[in-house]
Amino acid sequence: MSTPDTRELVERAKADWLKDPCYDLVTLAEDFPEYRDELAAGKGMLFIFHASAPQAFWMKNTKIPLDILFIDDTGKIVRLHARTTPFSEDSLPSDAPVRFVLEVPGGWSADNGVKEGDTVRLGGLASYQAR
């Protein structure tokens with residue numbers, strides 16, 4: 001039996017997430033242009049790492065504020081950077097090992113009552129094993 005690739009697992013997870021009204025659509029980050037002008041309400045970008053490790057992002061090439069949710073392999077949001085500053089080169093660290101990072105429009109987390117310590121349902125992503 002072959003191991004499903006990341007894209008297949010994301011598609012499975014999206015099917016699970018779409019059952020929840022908080023998750024309209026999540027797309028792999030590689031499918032988005034680097035210099036995006038907008039991220040529509042209810043949309044998000046998902047970064048998947050092969051192994052759990054500390055991560056850090058920046059906003060250097062990003063024109064819009066985002067909420068960046070750092071998610072560990074159990075689905076716990078271990079760090080949330082809200083309403084980030086566009087074009088900033090400041091490091092936005094996870095402060096803990098994570099496997100997933102979800103970027104959503106700035107303010108989405110507050111508007112939806114999402115905070116550090118909350119849990120994200122990972123669906124098929126939870127079973128993804130590093131190669």
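1. **Burial.** Buried means under 20% relative accessible area, exposed over 50%, and partly exposed in between, with a 1.4 Å probe and protein chains only. F70 has 0% relative accessibility, so F70 counts as buried.

2. **Ground rules.** This is a predicted model, in which local features need pLDDT of at least 70 and side-chain atom pairs count only at pLDDT 80 or more, while totals for chains, interfaces and linings use all residues. Residues are numbered from 1 along each chain as its sequence is written, and side-chain values use heavy atoms, with hydrogens and water left out.

3. **Confidence.** The predictor's confidence in each residue is its pLDDT, from 0 to 100. The mean for the protein chain is 78. Of its residues, 69% reach 70 or more. Among the elements, strand β1 (residues 25-28) has the lowest mean pLDDT, 48. Strand β4 has the highest, 97. Strands here are DSSP runs (E, at least two residues), numbered from the N terminus.

4. **A stretch to treat with care.** Over residues 17-25 the pLDDT is below 50. Beyond near neighbours in sequence, this stretch has 20 contacts in the model (heavy atoms within 4.5 Å). Where pLDDT is low, the predicted coordinates should not be read in detail.

5. **Aromatic pairs.** Rings of Phe, Tyr and Trp (its six-membered ring) pair if their centres lie within 6.5 Å; planes under 30 degrees apart count as stacked, over 60 as edge-to-face and the rest as tilted. The count is two pairs. F47 and F57 are edge-to-face, 4.9 Å centre to centre and 85° between the planes. F47 has 24% relative accessibility, so F47 counts as partly exposed. F57 has 12%, so F57 counts as buried.

6. **The second pair.** F57 and F70 are also edge-to-face, at 5.7 Å and 85°. This pair links distant parts of the chain: F57 sits in strand β2 (residues 43-57), F70 in strand β3 (residues 66-71), 13 residues apart. Ring pairs join F47, F57 and F70 into a cluster.

7. **Main core.** A nonpolar core is a set of buried Ala, Val, Leu, Ile, Met, Phe, Trp, Tyr and Cys residues joined through side-chain atoms within 4.5 Å. The largest has 14 residues. L69, I71, I77 and F100 have the most contacts inside it. Two or more residues each come from β2, β3, β4 (77-81) and β5 (92-105). The largest share, three residues, comes from β5.

8. **I71 and the second core.** Leaving out residues up to four places away in sequence, I71 touches K76, I77, V98, R99, F100, L102, V120 and L122. A second, separate core of 11 residues includes L66, F70, V98 and V101.

Notes:
Helix = DSSP H or I, 4+ residues; strand = E, 2+ residues; numbered from the N terminus.
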